[in-house]
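Have the structure open and follow along.

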2 protein chains.
Amino acid sequence: MPLPGVRALVFDVFGTVVDWRSGVAREAAAFFTRHNHPHVDASAFADTWRAQYQPAMEEVRSGRRPFTRLDVLHRENLAHALSDHGLDPATIPGAELDELTRAWHRLDPWPDAVPGLTRLRTAYIIAPLSNGNIILMLNMAKRAGLPWDAILGAEVARAYKPTPDSYLRTADILAMAPAELCLVAAHNSDLAAARACGLHTCFIPRPLEYGPNQNPALSRPGQDWDVIAPDFVALAEMLMGSGRP
Amino acid sequence: MPLPGVRALVFDVFGTVVDWRSGVAREAAAFFTRHNHPHVDASAFADTWRAQYQPAMEEVRSGRRPFTRLDVLHRENLAHALSDHGLDPATIPGAELDELTRAWHRLDPWPDAVPGLTRLRTAYIIAPLSNGNIILMLNMAKRAGLPWDAILGAEVARAYKPTPDSYLRTADILAMAPAELCLVAAHNSDLAAARACGLHTCFIPRPLEYGPNQNPALSRPGQDWDVIAPDFVALAEMLMGSGRP
């Protein structure tokens, strides 16, 4: 029993459940072709867009900006990323920029995610604890078949990870002690912040999150996390045994 | 097409999706037997407990009390309801009162609710827009098999129905105009407040919500709601036709 007393598994999503880089690059490539910029490296563009994710949230975490949902930050960051890749966002209709922003709603899960979650859900409450906002997570789940019991995360907690409030308010909403939750994530920094708040921790390596040349250190556990599993199906095996369901 | 432009169906839950009176009475009857008060009318007790629901929320709606989730209000109201039925709540262990309060997490759906929602979910986003808090709705859904796409409602909106914020913030969270939502409810007052905010409206009569002697006026539509359907399966037929799925 590797997670004694745990009743809810909460999941990081971008990178842990879904492959954001391929999904964003797929839609960006079509966008650049439509706008006569087929030479733009769509994966590099995805990396540029993603690189502005933490600085944008830091404005909120620091208190310099009131809580603002991620769709809005993604839309703002898109304009910067387009400029960086040689397109003037002012020349593109707003509705097209909105549509490309919703590429983040249409990311594909890693192949083990849906079968693993489907099994885990029979023994645990499962929910995203993502910085993605509710409609983003909802659209993603409905498209991909992610069987969440509820959509939790930054918008519900009104706090972005890795602030303590993001984890502690989520536990409070579930009417559980922090130790009754386990955060499942591919990111050591997220798990470290959750552990500091008293949550259990599970590390899942995602060696392709940042593409084929990803720094190998990113997919190595940085601490003795409570559980380390190669993927979600293996996690279900470890937590629930090999019996049915 | 009775609901043009509607993309999300949001549901009142207590009375509309689940039969709160029978469920609370079932658990209360067992409780009173354990505590040597088998003579208490458990259905009447459920009515007493429920009668304090609106006054307790009104403290929050009026601003006299900060937002407080329904589990807390239910627990406070339970003490009053027990006193009204001859039991001193101070003589009962707190853990037992907590457990009885969670009777509201274990209510059974009306027989048409799960099959209707399962079908509606294939064409619409479906979510509760209830005054019940997140973990209450989550536990109820997991036990009963209610296939919500997300748990929305008062705790997410930080506002109790029928305040405009409860409806308008829910639309904002879904990134939709109010008219892209339809509230499905058995209560004319809830629908009237939603309509005033621009939501579409669907009335489902629940003639047994308050028991076999319910005032027939409660299950009659009070306005020309956009849709009036006898139950959730019929609603799916009306909105989606009789074809599969």
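## A working rule for salt bridges

Before counting anything, here's the rule: a salt bridge is a side-chain nitrogen of Lys or Arg within 4 Å of a carboxyl oxygen of Asp or Glu. Keep in mind that this is a predicted model.

Applied across the interface of domain 1 of chain A and domain 2 of chain A, that rule finds two salt bridges. Glu155(A) forms a salt bridge with Arg69(A), and the closest N and O atoms are 3.0 Å apart.

## Where the two domains meet

Chain A is assigned a domain 1 made of 8–19 + 108–240, and a domain 2 covering 20–105. Their C-alpha centres are 23 Å apart. Contact involves 25 residues of domain 1 of chain A and 19 residues of domain 2 of chain A. Putting the two domains of chain A together buries about 1900 Å², with carbon and sulfur atoms giving 55% of that area. On the domain 1 side, Phe14(A), Asp19(A) and Tyr160(A) lose the most area to domain 2 of chain A, together 35% of what that side buries.

Polar contacts are part of the picture too: 14 residue pairs between domain 1 and domain 2 of chain A are in polar contact, both residues at pLDDT 80 or more. On the domain 1 side that touches domain 2 of chain A, the elements giving two or more residues are α7 (134–144) and α8 (154–157) of chain A. Of these, α7(A) gives the most, with five residues. Sorted by class, that side of domain 1 of chain A has 11 nonpolar, seven polar and seven charged residues.

## How the chains are related

A rotation of 180° with 0.0 Å of shift along its axis puts chain A onto chain B, at an RMSD of 0.0 Å. That is the relation of a two-fold axis. Within chain A, Ala150(A) comes closest to the rotation axis, its C-alpha being 2.5 Å away.

Which surface do the copies use? 100% of the interface residues of chain A are also interface residues in chain B, so the copies meet through the same surface.

Most residues other than glycine have a negative phi, and most peptide bonds are trans. The Lys161(A) to Pro162(A) peptide bond is cis, with omega near 0°, and Pro162(A) is in the loop between α8 and α9 (164–173) of chain A. In chain B, the bond from Lys161(B) to Pro162(B) is cis as well.

Arg158(B) is not a glycine, yet has a positive phi of about 55°. Look for Arg158(B) in the loop between α8 and α9 of chain B, where Pro162(B) is also placed.

Note on methods
Residues numbered from 1 in each chain as written. Chains lettered and ligands numbered in written order. Predicted model: local features only at pLDDT ≥ 70, side-chain atom pairs only at ≥ 80, totals over all residues. Heavy atoms only, no water. Least-squares fit on C-alpha atoms with pLDDT ≥ 70 in both. Contact = heavy atoms within 4.5 Å. Domains from an automatic or database assignment. Buried area = accessible area lost by both parts, 1.4 Å probe. Polar contact = N/O pair within 3.5 Å; in protein donor to acceptor, adjacent residues only side chain to side chain. Helix = DSSP H or I, 4+ residues; strand = E, 2+ residues; numbered from the N terminus. Nonpolar A, V, L, I, M, F, W, Y, C, P; charged D, E, K, R; others polar.
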